[in-house]
Amino acid sequence: MRPLVPSLSRRAARATIVTATLVTATLVATACTVSRDEEVALGADEAKQVEAQLPLLGDPDVERYVSSLGRAIAERTSRADLDWHFRVVNTDVVNAFALPGGYIFVNRGVLERADRMDELAGVLGHEIAHVVLRHSVQQMQKAQKTNVGITLVCTLTHICNNAAAQVAINVGGSLAFAKFGRRAEAQADSAGFANVVRAGIDPSGMQSFFEKLLDEEAKHGPQSRVGAWFQDHPGTRDRVDAIGAMLAAQGAQGRQGLVADDEGFRVMKRRLQELPPPPSPPDTVVQ
Ligand SMILES: [Zn+2]
């Protein structure tokens, strides 16, 4: 398997492991009372590792658009007080993930497959919902209850140990706190739906984007560029149906005045096409 990016130097990697393990161990030990500041500290620590290990797109125009759309949605949620961060990972693998405290990563593959602003907004709204609902923190609490906190620490260390090689496999998919079960995914869909509507955006894009991924998977199989999405967002078929039910309940009347596309999105898409293609992802997708 070919890593996406060169690994960190051994010493730097070891230093990161020690810091990450200490921070995580402390937080896991006190998971029952994870404060906002602790959650943000954990997210910032993980985000730093992700940013060191994954190839970021680093294009100011594209990132500015994604960031402004993400913020427009996040700032109308109950966690508007968080300092939200939105970054684009330079890979055509389709995935997005949220870290505690308001750190959202969207892969370039999502931007490339989105045909309208509301489709990208649907993905952002969903990831923002994971943070608003504190799903990562709940996972930490559950882990402590079942006394597997140490496993969680090992999982993180494992990620650090293998640096690019491990993390690049699913481009974010292996992150301990960024993987949620079916129930959390369904919750993030309905909260994400509401987040998008609150920002004045048409939620239909959520449905059409997920449909597109289902079509691509049906055509090209689980090893395709959309495979990681399905591994990290279980139950997509049922979720598309549930989103359909939410749209039906809302009715066309309820969507009047909501925006589905904007000029900024089209400018961002044109800019994306001008950029060099992303580095090749690993040959095999291993969970
Ligand atoms: Zn999710």
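Of the 287 residues in the chain, 45% are buried. A residue counts as buried if 20 or more other C-beta atoms lie within 10 Å of its own, as exposed if 12 or fewer do, and as partly exposed in between, with C-beta atoms placed from the backbone. The model is predicted: local features need pLDDT of at least 70, side-chain atom pairs count only at pLDDT 80 or more, and totals for chains, interfaces and linings use all residues. Residues are numbered from 1 along each chain as its sequence is written.

The chain holds 12 helices and three strands. These are DSSP runs, numbered from the N terminus: helices are H or I with at least four residues, strands are E with at least two. Contacts were computed from C-beta atoms placed from the backbone, with a cut-off of within 7 Å. Among contacts between residues at least 6 apart in sequence, 77% join residues at least 24 apart.

The largest nonpolar core contains 52 residues. Such a core is a set of buried Ala, Val, Leu, Ile, Met, Phe, Trp, Tyr and Cys residues joined through C-beta atoms within 7 Å. Val-106 and Leu-120 have the most contacts inside this core. Helix H5 (residues 117-132) gives the most to this core, with nine residues. Leu-120 touches Leu-69, Val-110, Leu-111, Ala-114 and Phe-265, not counting residues up to four places away in sequence.

Two helix pairs were examined. Two packed helices are described by the angle between their axes and the distance between the axes. Axes are lines fitted to C-alpha atoms, for helices over the stretch in contact, and angles run from 0 to 180 degrees between N-to-C directions. H5 and H8 pack at about 115 degrees, with axes 7 Å apart. Their crossing is right-handed. A crossing is right-handed if the near helix is turned clockwise from the far one by less than a right angle, and left-handed if anticlockwise. On the H5 side, the contact involves Ala-121, Gly-122, Gly-125, His-126, Ile-128, Ala-129, His-130 and Val-132. On the H8 side, Ala-188, Asp-189, Ala-191, Gly-192, Asn-195 and Val-196 take part. By class, the contact of H5 with H8 has seven nonpolar, six polar and one charged residue. Ala, Val, Leu, Ile, Met, Phe, Trp, Tyr, Cys and Pro count as nonpolar, Asp, Glu, Lys and Arg as charged, and the others, Gly among them, as polar.

Helix H3 (residues 60-74) packs on helix H12 (residues 263-274) at about 150 degrees, with the axes 9 Å apart. The crossing of H3 and H12 is left-handed. Asp-61, Val-62 and Tyr-65 of H3 meet Gly-264, Met-268, Arg-271 and Leu-272 of H12. This contact of H3 with H12 has four nonpolar, one polar and two charged residues.

Helix H9 (residues 204-220) has 17 residues. At 1.5 Å a residue, H9 should span 24 Å; its end C-alpha atoms are 25 Å apart, which agrees. The expected span is 1.5 Å times one less than the number of residues. Buried positions in H9 are Ser-204, Gly-205, Met-206, Gln-207, Phe-209, Phe-210, Leu-213 and Glu-217. The buried residues of H9 pack against H5, helix H8 (182-198), helix H10 (227-232) and helix H11 (236-254). Gly-221 follows H9, with a positive phi near 85 degrees.

Most residues other than glycine have a negative phi. Arg-134 is not a glycine, yet its phi is positive, about 55 degrees. Arg-134 lies in the loop between H5 and helix H6 (135-145). It counts as partly exposed because it has 17 C-beta neighbours inside 10 Å. The C-alpha atoms of Arg-134 and Pro-100 are separated by 7.2 Å, although 34 residues apart along the chain.

Tyr-103 belongs to strand E3 (residues 103-107). Tyr-103 has 27 C-beta neighbours inside 10 Å and so counts as buried. Beyond four places in sequence, Tyr-103 is in contact with Gly-43, Ala-47 and His-85. The C-alpha atoms of Tyr-103 and Asp-83 are 8.5 Å apart, across 20 residues of chain.

Val-259 sits in the loop between H11 and H12. With 13 C-beta neighbours inside 10 Å, Val-259 counts as partly exposed. Leaving aside neighbours within four places in sequence, Val-259 contacts Gly-200, Ile-201 and Asp-202. Val-259 and Ala-199 are 60 residues apart in sequence and 9.3 Å apart in space, C-alpha to C-alpha.

Terms used. Two residues are in contact if their C-beta atoms, placed from the backbone, lie within 7 Å.
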